[in-house]
Amino acid sequence: MSQRRSSQHSPSKVTKLLSEPEAAPTRTRLSLIQEEWFSNVKVDLLSGLLVALALIPEAISFSIIAGVDPKVGLYASFSIAIIISFAGGRSGMISAATGAMALVLVPLVEQHGVAYLFAATILAGFIQIGFGYLGVGALMRFIPRTVMVGFVNALAILIFLAQVPHIFLTGEDADSSQLPLNIAFVLGGLALIYGLPRLSTAVPAPLVAIVVLAGSAIFWNLGLPTVGDMGELPNALPFVSLPDVPFAFETLQIILPFAITLALVGLLESLLTAQLLDDMTDTDSDKNVESRGQGVANVATGFLGGMAGCAMIGQSMINYRSGGRTRLSTLASGLFLLVLILGLGDLVAKIPMAALVAVMIMVSISTFNWRSVKIATLKTAPSAETAVMVVTVAIVVLSHNLAYGVAAGVVLSAVFFARHVSGVVKVTSVLDPDNTERLYSVSGELFFASSNQIVRAFHYDAVKVKRVEIDLTEARIWDTSAVAALDTVVAKFADRGIVAVLVGLNPHAEALHRRTTGTVSNH
């Protein structure tokens, strides 16, 4: 009776009940937006401003590396940062024009011109979108921790090495007489960055250092190298346009190899940086969404006259160390960069490079995993893991290409893993009580790297019975190399008039053996 009465609601009550389930998702979406965008507003805005200041000289430098006008790198940096804040899968990560992408573009610009750079950037973006939908983010689990450590340490070293010319004024147009003052400014900046947090953390210390050093240099007209010396800042917004290239198959042949390389290098650097921030913030991110977001940003940037970009570990570390955590910090970096170069370009051009160098040195110090090179760690860590880390660092530093180092580290890790796994195959045997049959027990992983070992593990001539049983209950067969090895074992026994029987195969192994036995062996 009570159930019937409870079901007889008035129309207004029914409407209210029907509408209530819709209210919960709305609140959830609102709370998600609040968490991703507005949970840390003040710190995110200040951190975004600091990142924007640090982006300017780097974007100009990357443009020079690629052989294009500085505005190409600056347009790319603010457009990618703004777009990725909405389309990306990792909150608080900074994406912009990068050195890794600039290096890929050098031969394309030299041989075909900047218009082909824009076309390659757009195509690379579409490839990245496709990779995102194919689930490329899932491949991150195949990158070992030691490779990640090597990647981080190599980045820290590269960031520091990039500052050396600005510290010691080794450029072509540098005034060596300013060297003592320049070094003093760098040291003063580091003192502010590391000393101010002991007094107050209300404003990011690196931002205070930039303001103080810039104000001092401008007030006393010290003549130190400035941001403006790096290149001319643009004074107008970019406009949407198609790349001025022939719409022909020959154009695709030219840009496709560069676009594929850009897509792979960009995703590798972006996903590794996202994973690093995941670990540091103890949060998770959607790598496939990030892949698609990087693609969308690059497509838009190509149409806006910018070069291809990806996540920047250095700027992401600045953002993280300054307290930036949400998408607002990424958006703020792009918007502030736009305001700084268009509205305050004359003032920004007067910032001494020494101030930004101090910030980047702080980033390199905080990025490097110092625990990984401690004597105690090196003594206790497996030598193979240490070798992987060292090789990754060495190749990245020597080639200035993250993709080469990470690829080499992954391959070397796979080799060490295969070698280790293949070495734990064991074969034991006993003679049955009736002395009519020998029982073998095989354990371990059977695949291409252990196939020769399994063949040599049996003492064929020492067997005096006419029948042997090979128990594979504790073994796992992975590929046809293992099947061929087992066929070889059976054949070697047969050559000596001994019948060998395989038992204990699991369903997968039995199906693989049944399909391929006799077709992958020479016996």
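At what angle do helix 10 and helix 11 pack, and how far apart are their axes? Helix 10 (residues 249-281) and helix 11 (residues 287-303) pack at an angle of about 140°, with axes 10 Å apart. That makes helix 10 oblique to helix 11.

## Ground rules

This is a predicted model, in which local features need pLDDT of at least 70 and side-chain atom pairs count only at pLDDT 80 or more, while totals for chains, interfaces and linings use all residues. Residues are numbered from 1 along each chain as its sequence is written, and side-chain values use heavy atoms, with hydrogens and water left out.

Helices (H or I, at least four residues) and strands (E, at least two) are DSSP runs, numbered from the N terminus. Axes are lines fitted to C-alpha atoms, for helices over the stretch in contact, and angles run from 0 to 180 degrees between N-to-C directions. Angles under 35 degrees count as roughly parallel, over 145 as roughly antiparallel, 65 to 115 as roughly perpendicular, and the rest as oblique.

## Helix 10 against helix 11

On the helix 10 side, the contact holds Leu267, Ser270, Leu271, Ala274, Gln275 and Asp278. They meet Lys287, Glu290, Ser291 and Gln294 in helix 11. Contact means heavy atoms within 4.5 Å.

The residues of this contact divide into three nonpolar, four polar and three charged. Here Ala, Val, Leu, Ile, Met, Phe, Trp, Tyr, Cys and Pro count as nonpolar, Asp, Glu, Lys and Arg as charged, and the others, Gly among them, as polar.

Gln294 of helix 11 is buried, at 1% relative accessibility. Buried means under 20% relative accessible area, exposed over 50%, and partly exposed in between (1.4 Å probe, protein chains only). Not counting residues up to four places away in sequence, Gln294 touches Ile84, Met93, Ser95, Gln128, Leu267, Ser270, Gly309, Cys310 and Ala311.

Gly266 sits in helix 10. Leaving aside neighbours within four places in sequence, Gly266 contacts Met101, Gln128 and Cys310. Gly266 and Gly99 are 167 residues apart in sequence, yet 11 Å apart in space, C-alpha to C-alpha.

## Helix 3 against helix 13

Helix 3 (residues 41-66) packs with helix 13 at an angle of about 50°, their axes 7 Å apart. Helix 3 is therefore oblique to helix 13. This crossing is right-handed. From helix 3 come Val41, Asp44, Leu45, Gly48, Leu49, Val51, Ala52, Leu53, Leu55 and Ile56. They meet Leu328, Ser329, Ala332, Ser333, Phe336, Leu337, Leu340 and Ile341 in helix 13. The contact residues divide into 14 nonpolar, three polar and one charged.

Helix 13 is mostly covered, with 12 of its 16 residues buried. Among them are Leu328, Ser329, Ala332 and Leu337. What span should helix 13 have at 1.5 Å a residue? The 16 residues (327-342) should span 22 Å, and the end C-alpha atoms are 23 Å apart, which agrees. The expected span is 1.5 Å times one less than the number of residues.

Gln315, in helix 12 (residues 313-321), touches Val51, Ala54, Leu55, Glu58, Ile94 and Met360, not counting residues up to four places away in sequence.

## Helix 7 and two positive phi values

Helix 7 (residues 145-168) has 24 residues and reaches 35 Å from first C-alpha to last, close to the 34 Å expected. Just after helix 7, Leu169 takes a positive phi of about 55°. Leu169 lies in the loop between helix 7 and helix 8 (179-195).

Asp282 also has a positive phi, near 55°, in a residue other than glycine. Its place is the loop between helix 10 and helix 11. Most residues other than glycine have a negative phi.

The table lists accessibility for residues from several elements.

| Residue | Relative accessible area | Class |
|---|---|---|
| Gly266 | 0% | buried |
| Gln315 | 0% | buried |
| Leu169 | 9% | buried |
| Asp282 | 71% | exposed |
| Arg515 | 59% | exposed |

Arg515 lies in helix 21 (residues 507-516).

How values were computed. A crossing is left-handed if the near helix is turned anticlockwise from the far one by less than a right angle, and right-handed if clockwise.
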